[in-house]
Amino acid sequence: MRVVIAEDGVLIREGIAGLLRRFGHEVVAAVGDPDALVGAVHEHRPDLVVTDVRMPPGFSDEGLQAAIRLRAEDPALPVLVLSQYIEQTYAAELLESGRRAGVGYLLKDRIGDVTEFADAVDRVAAGHTVVDPEVVGQLLGRRRDPLTRLTPREREVLALMAEGRSNAAIARTLVVSEAAVAKHINGLLAKLDLPPDDDVHRRVRAVLAYLRG
């Protein structure tokens, strides 16, 4: 897979590039600012973008805004955000855009091992949604009122859905049957005024779109 990396820290940028190469991917560009990111994507048409949030010149949310711009231009472009920070407004906007391609938001300090990161890269490139639970928690916190209608178990299921877990994975995590998981999903979608859907990734995106709204 051909990857463009955007990270202003030289050592971190080179570390990510080396890790991706180790797992057989081609890093076609590794840049340090949002304008260079946009230019690299236009030039190379990569299979995946991995970007930080805060980059020059303002070190606020330039990388995330560039990712949103790129997704607006090409909704089929997979984007994985890798950052130390959660920028809630733009994070929700980026995650909501995950309808035609994979999207992810991971926190650097919470990645436990390199295989976990490599798996996230593959899943996002394959069209899945991968979100750190801490990001999920903050996004859920933005809109509390509708969530008060959910039972504690439905909240657990919702959080696992937003992480991109399959019904089988949720069942294993909660030690319940897949039938029970399906029942909880149908119930929480109804309570949140979201139509049920057999495609788990579309359900994740519907939940994130609702949180963004």
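Start by selecting arginine 69 and glutamate 73: both sit in helix α3, 4 residues apart, or about one turn of the helix. As you look around, keep in mind that this is a predicted model. Show the two side chains and you will find arginine 69 and glutamate 73 joined in a salt bridge, at 3.3 Å from N to O. How exposed is arginine 69? Arginine 69 is partly exposed, because its relative accessible area is 42%, a value that falls between the 20% and 50% cut-offs. Glutamate 73 also counts as partly exposed, at 43% relative accessibility.

Stay in this helix and pick arginine 71, which belongs to helix α3 (residues 62-73). This arginine is buried yet has no salt bridge. Which side chain of opposite charge is nearest to arginine 71? That is aspartate 74, and it lies 7.3 Å away; a salt bridge would need a nitrogen and a carboxyl oxygen within 4 Å. Now display the backbone oxygens around arginine 71. The one of leucine 77 is 3.1 Å from a polar atom of the arginine 71 side chain. The backbone oxygen of alanine 101 is also reached by the side chain of arginine 71, at 3.4 Å.

Next, select aspartate 52, in the loop between β3 (48-51) and α3. UniProt lists Asp52 for "modified residue: 4-aspartylphosphate", in an unreviewed entry. Is aspartate 52 buried or exposed? With a relative accessible area of 6%, aspartate 52 is buried, because buried means under 20%. Leaving aside neighbours within four places in sequence, the residues in contact with aspartate 52 include Ala6, Asp8, Gly63, Leu64 and Leu82. Ser83 is on that contact list too, and the side chains of aspartate 52 and serine 83 make a polar contact at 3.2 Å.

Two further contacts of aspartate 52 are Glu7 and Lys108, so select those now. The side chains of glutamate 7 and lysine 108 meet in a salt bridge, 2.8 Å from N to O. This pair links distant parts of the chain, 101 residues apart: glutamate 7 is in the loop between β1 (2-6) and α1 (10-22), and lysine 108 is in the loop between β5 (103-107) and α5 (114-125). Both glutamate 7 and lysine 108 are buried.

Move along to arginine 110 and aspartate 132, whose closest N and O atoms are 2.8 Å apart in a salt bridge. Here again the pair links distant parts of the chain, with arginine 110 in the loop between β5 and α5, and aspartate 132 in the loop between β6 (129-131) and α6 (133-141), 22 residues apart. Arginine 110 is partly exposed at 41% relative accessibility, whereas aspartate 132 is buried at 6%. Salt bridges that share partners also join Glu7, Asp52 and Lys108 into one network. How many salt bridges does the model have? The count comes to 6.

Aspartate 35 is exposed, with a relative accessible area of 64%.

Key:
Residues are numbered from 1 along each chain as its sequence is written. This is a predicted model: local features need pLDDT of at least 70, side-chain atom pairs count only at pLDDT 80 or more; totals for chains, interfaces and linings use all residues. Side-chain values use heavy atoms; hydrogens and water are left out. Helices (H or I, at least four residues) and strands (E, at least two) are DSSP runs, numbered from the N terminus. Buried means under 20% relative accessible area, exposed over 50%, partly exposed in between (1.4 Å probe, protein chains only). Lys and Arg count as positive and Asp and Glu as negative; His and the chain ends are not counted. A polar contact is a pair of N or O atoms within 3.5 Å; within protein, one must be able to donate a hydrogen and the other to accept it, and residues adjacent in sequence count only if both atoms are side-chain atoms. UniProt positions are given in the numbering used here, feature names are shortened, and annotations may be inferred rather than shown by experiment. Contact means heavy atoms within 4.5 Å.
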